[in-house]
Amino acid sequence: MELHLSAPSRFFPVFSVPGLSFNLSKPRSLCIGSCSCFSRGQSLIPKPQLNPKTITPVPDPREEEVEEEDGDEGFQEAAASQGICGQIEKLVFFKRYKEALELFEILQLRGGRGGVGASTYDSLVTACIGLSYSGFLDEGIEIFESMSRDSKMKPRAMHYACMIELLGREGLLDEALELIRDAPFSPTTNMWAALLTACRIHKNLELGKFAAEKLFGMEPEKLSNYIVLLNIYNSCGRAADGAKVLEALKKKGLRLLPACTWIEVKKQPHRFIFGDKSHPESIKIYERLDNLIKEMVKQGYAPMEKHLLPDVGQHEQRMLNYHSEKLAVAYGLISTQDYTPLHLVQGHRICSDCHSAIKLITVITKREIVVRDASRFHHFKHGSCSCGDYW
Ligand SMILES: [Zn+2]
Ligand SMILES: [Zn+2]
């Protein structure tokens, strides 16, 4: 199924899909009005897409088997029957977030938003998170409010957590807290954790302590909550308070483990810890990494000791160049062909220095590198990361 931009209208392009035809020339009246949660005082009128374009069809990842069995024709029929909502979900699956939001905008303008189901809303919220570093907060708010307003669906905890992340990225911490307080159910750990992360990014110590206390009560054994609070103290120059958090950790019998990263090469997992020299190809790995760091320095790289997340011990912080993720990347580079993407997994959050270094490595080596850490997926490509430097 293809979706074509077929009208030459300068401001209100007309889209058509088989069996459907609609355009954006309808009066735009999508201001969502007032919501106590969002006090930015602005209307949330979606931005029109002004440039003519074609949205090409996307395969449905859930229908790969159908495609194999029935061929293109069967697939096309199945895809067509799913309609706009199915297209939105598929676009989001393939990370074509802007196109997904454009389709939702079209759906709203033609009055079809009442039929949007929970899975489509999940996809739309994902799209907004994916685009949030590019200023898509307003679209996220519109989608969030549209759930109960148009589809009579109650936003679930995951939708609240996503909204808190969106608000947090913009530094709207009070609004994020208000959203938590206004939730018609007990706030979940994900909601408080999203607020805590926002407090770390924006160095809001008081609110960060508040969110951390909530999490300590709900998840007393979860190390990462203490670590984030510790990092907030350290980034605010409150090392003495940070030391108290470490003391509390010790009393609970929790301790920082050596950070560890896995990379799969030729279907074999390879494990690295910081400063690791146990790998059979250790000499080559360190040679590649040292050369890489020289190239990075030429391009302006400088180690970021002061901005490390203290997910790792002090000794590990001193061995910045040889963090487990850098060693894993170096091994991936020497053991795979040029341009092969690298996939890493680790249980700790990536530190700021490794995050910056890997962005630069994707430029130098022209590789894509995906790191799944304790916080999220980081998809590094062309010198930037999908997280928008927010994790
Ligand atoms: Zn690191
Ligand atoms: Zn990232």
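This is a predicted model: local features need pLDDT of at least 70, side-chain atom pairs count only at pLDDT 80 or more; totals for chains, interfaces and linings use all residues.
Let's begin on the inside. In soluble globular proteins, nonpolar side chains tend to be buried together. In this model, the largest nonpolar core is made up of 59 residues. Ala100, Ile164, Ala176 and Leu195 are the ones with the most contacts inside that core. Both domain 1 (4-155) and domain 2 (189-251) supply at least three residues each to this core. Another core lies apart from it, with 29 residues that include Phe274, Met296, Ala330 and Ile358.

Setting aside residues up to four places away in sequence, Ala176 touches Ile164, Leu167, Gly168, Leu195 and Ala198. Ala176 is also one of the buried residues of helix H6, which spans residues 173-182. Which helices do the buried residues of H6 pack against? They pack against helix H5 (157-169), helix H7 (189-201) and helix H8 (205-218).

Is Gly275 buried or partly exposed? Gly275 counts as partly exposed because it has 16 C-beta neighbours inside 10 Å, while a buried residue would need 20 or more. Beyond its neighbours within four places in sequence, Gly275 is in contact with Met319 and Tyr322. Between those two in the sequence sits Leu320, 45 residues from Gly275 along the chain but 9.0 Å away in space, C-alpha to C-alpha.

Terms used: Residues are numbered from 1 along each chain as its sequence is written. Chains are lettered from A and ligands numbered from 1 in the order in which they are written. A nonpolar core is a set of buried Ala, Val, Leu, Ile, Met, Phe, Trp, Tyr and Cys residues joined through C-beta atoms within 7 Å. A residue is buried if 20 or more other C-beta atoms lie within 10 Å of its own, exposed if 12 or fewer, and partly exposed in between; C-beta atoms are placed from the backbone. Domain bounds come from an automatic or database domain assignment. Two residues are in contact if their C-beta atoms, placed from the backbone, lie within 7 Å. Helices (H or I, at least four residues) and strands (E, at least two) are DSSP runs, numbered from the N terminus.
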